[in-house]
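Please look over the sequence and the model below. A short report follows.

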Amino acid sequence: MMRLLTGSATSSATQSFEFAPLSIAAFGSTVLVEGCDHARSISWVHAWTVTHGIITQVREYFNTSLTVTRFVNTDKSSPSDFSSSRITSLHCPSVWESSLSNRVGKSVPGLVLAI
């Protein structure tokens, strides 16, 4: 992806990869973009961090099933109340899952992205 965005990729490589987003979802400053290239059997997910309307970080995942979870502290005490002998309860609800890896007809590894 970096070679494509910076222009250092050869023209044949640029023309052979289809970068067509099929879904976009936003969770605060994280934007998830998902797509696939059926001709090459590639699915991809980009996780963009957007700050003041500018993309400041891009993480890309090819042929990987991605599940996004949000960390939520279910313990209502303040951080100053934490002690080394106490365990804080966390709830990690799934807020988004990629869906295109099945469309390219292959089994892929799974990752969890915590936001």
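Which strand is the place of Thr30? Thr30 sits in strand β2, residues 30–37. Strands (E, at least two residues) are DSSP runs, numbered from the N terminus.

This is a predicted model: local features need pLDDT of at least 70, side-chain atom pairs count only at pLDDT 80 or more, and totals for chains, interfaces and linings use all residues. Residues are numbered from 1 along each chain as its sequence is written, and side-chain values use heavy atoms, with hydrogens and water left out.

**Burial and contacts**

Thr30 touches Ala25, Trp48, Arg59 and Ile115, not counting residues up to four places away in sequence. Contact means heavy atoms within 4.5 Å. The table gives relative accessible areas. Buried means under 20%, exposed over 50%, partly exposed in between (1.4 Å probe, protein chains only).

| Residue | Relative accessible area | Class |
|---|---|---|
| Thr30 | 8% | buried |
| Cys36 | 3% | buried |
| Cys92 | 38% | partly exposed |

The structure holds zero disulfides. A disulfide here is a pair of cysteine sulfur atoms within 2.5 Å.

**The three-stranded sheet**

Three strands form an open sheet in the order β8-β5-β9, with mixed pairing. The edge strands are β8 (94–97) and β9 (110–114), and each pairs on one side only. Neighbouring strands of this sheet are turned by 25 degrees against each other on average, direction ignored. Axes are lines fitted to C-alpha atoms, and angles run from 0 to 180 degrees between N-to-C directions.

Strand β5 (residues 65–69) pairs with β8 in the antiparallel sense over three bridges. Two strands pair if DSSP finds at least two bridges between them. Thr69 has Ser94 in β8 as its bridge partner.

Terms used. Helices (H or I, at least four residues) and strands (E, at least two) are DSSP runs, numbered from the N terminus.
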